[in-house]
Amino acid sequence: MIRLPDFKMTGLQYDVAVLDPPWAVRCLADPYAQLLVVRRGCIWFDCPRVLPHPIYMAQGGMMVTVGGGAQFWQSGSDAPVGEGIANCLTVPLGRFHRDPADKHKTELLIGRSPKGGNLLIPAFPQVFYLSPLERETLDRMHSLLDLIDAEAHGRDDLIERDGVISRAAEIMTIFLARYVKERLTDDNPNWPEMAGDEQVMRALRLLEVHPERNWTVENLASGIGLGRSAFAVRFKSLVGDTPMNWLLRMRMQLASAAIRDGRRSLMAIANSIGYTSESAFIKAFSRSFGLTPGSYRATINGRQGVPDVAGDPETKVVTKICRSTL
């Protein structure tokens, strides 16, 4: 039987946004672990630092993110994106009352907590999507969200109202951990055991915050107080890959997002993730993606961010991405 490390959900916040298409929002969610639920309508979701293209979210779908940089939510893949979150007005869940006249508008439930609030949350993939086809997990999650909704609208003098909300959020986190363990960890069968290893989690955090440093296994191990061999074995067994391979994948995710953004030169992008020459960066990028940075940008721009995947695109595409980030 797998046991998770002890954790408590703190700093919880639940809000609702009702948006009249066409609309687009730039969401600054990096400091948070976020649960985005499409309660009515559908949206396109993008997190350029992590995702190679926007993902379609159907009604009832749920997107989980842990940091990952700026997000873009759009009613259509071609809707213009605003520059600030001020264009997405939200109402605290406890004060939200559905207006029957809004039945043609998009309704989003946004749940957030600080991503560093406990050891478990940072161990999740940076982004993963539960499509409406994931009935077993989503039925349980929506039941708990209904409970949170009812408690948020309850009287302030109810015994342990906030306690019920936080405990429901903790149970949801356990259900999400089960989903990740069962569906998204082919390359890392030891998840979520790594969440309980403080030194490995510190190493992951160092790589995330300082991807530009000239990391080696030796200096990374030294930075968390372990010997090289012991650290390398522990990291591989818990994360499912070597520290340097994990760093390379993260650097390439950051690079692909910056190339899509188009506001920095290749040399500036290379320097920001630890490459001192443009040619070395292009070679590493081409090995990872099978395309040069210039070809990658042209391909992304040519398909205008719309995924070309048959069947159930949101599940197939996001599952593949999540496996690459574990």
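Predicted model: local features only at pLDDT ≥ 70, side-chain atom pairs only at ≥ 80, totals over all residues.
**The chain as a whole**

The protein chain is built with 10 helices and 10 strands. It has 326 residues, and 48% of them count as buried. Among contacts in the chain with a separation of 6 or more, 74% are between residues 24 or more positions apart.

**The cavity**

When the whole structure is searched for cavities of 30 Å³ or more, 1 is found. The largest cavity holds about 230 Å³ of space. Its lining is made up of 18 residues, and those nearest the centre are Met9, Ala33, Leu35, Thr173 and Leu176.

Four elements each give at least two residues to this lining: the strands β3 (32-40), β6 (62-66) and β9 (106-114), and the helix α2 (161-183). Helix α2 has the largest share, with 4 residues. By class, the lining of the largest cavity has 13 nonpolar residues, 4 polar residues and 1 charged residue.

Arginine 161 belongs to helix α2. Is arginine 161 buried or exposed? Arginine 161 counts as buried because its relative accessible area, 16%, is under the 20% cut-off. Neighbours within four places in sequence aside, arginine 161 touches Glu151, Ala152, Gly154, Arg155 and Asp156.

Glutamate 170 is also placed in helix α2. With a relative accessible area of 13%, glutamate 170 is buried as well. Apart from neighbours within four places in sequence, the contacts of glutamate 170 are Phe7, Lys8 and Met9. Met9 is also one of the residues nearest the centre of the largest cavity.

Glutamate 160 sits in the loop between α1 (135-152) and α2. The phi angle of glutamate 160 is near 55 degrees, which is a positive value in a residue other than glycine. At 49% relative accessibility, glutamate 160 is partly exposed.

Isoleucine 110 is part of strand β9, and strand β9 is among the elements that line the largest cavity. The relative accessibility of isoleucine 110 is 5%, so the residue counts as buried. Which residues does isoleucine 110 contact, leaving aside its neighbours within four places in sequence? They are Gln13, Tyr14, Asp15, Ala17, Gln34, Leu35, Leu36, Trp73 and Thr90.

Leucine 12 lies in the segment before β1. Leucine 12 is partly exposed, and its relative accessible area is 28%. With neighbours within four places in sequence set aside, leucine 12 meets Arg112, Ser113, Ile165, Ser166 and Ala169.

**Helices α3 and α6**

Helix α3 (residues 198-209) packs against helix α6 (residues 243-261) at an angle of about 35 degrees, and the two axes are 10 Å apart. This crossing of α3 and α6 is right-handed. On the α3 side the contact uses Leu204, Leu207 and Glu208, which meet Pro243, Trp246, Leu247 and Met250 of α6. The contact of α3 with α6 therefore divides by class into 6 nonpolar, no polar and 1 charged residues.

Aspartate 261 is another residue of helix α6. Aspartate 261 has a relative accessible area of 41% and is partly exposed.

**Distances between C-alpha atoms**

| Residue pair | Separation along the chain | C-alpha distance |
|---|---|---|
| Aspartate 261 and proline 48 | 213 residues | 7.9 Å |
| Leucine 12 and glutamine 34 | 22 residues | 9.9 Å |
| Isoleucine 110 and leucine 93 | 17 residues | 8.9 Å |

**A cis peptide bond**

Where is proline 22 placed? Proline 22 is in the loop between β1 (13-19) and β2 (24-27). The peptide bond that runs from proline 21 to proline 22 is cis, with omega near 0 degrees.

Methods
Residues numbered from 1 in each chain as written. Heavy atoms only, no water. 1 Å grid on protein atoms, 1.4 Å probe; cavity = no way out; pocket = protein on both sides within 12 Å on 5 of 7 lines; lining within 4 Å. Points joined across faces, edges and corners; volume = space filled by probe spheres on them. Buried < 20%, exposed > 50% of the residue type's maximum accessible area, 1.4 Å probe, protein only. Contact = heavy atoms within 4.5 Å. Axes fitted to C-alpha atoms, helices over the stretch in contact; angles between N-to-C directions. Left-handed = near helix turned anticlockwise from the far one by under 90°.
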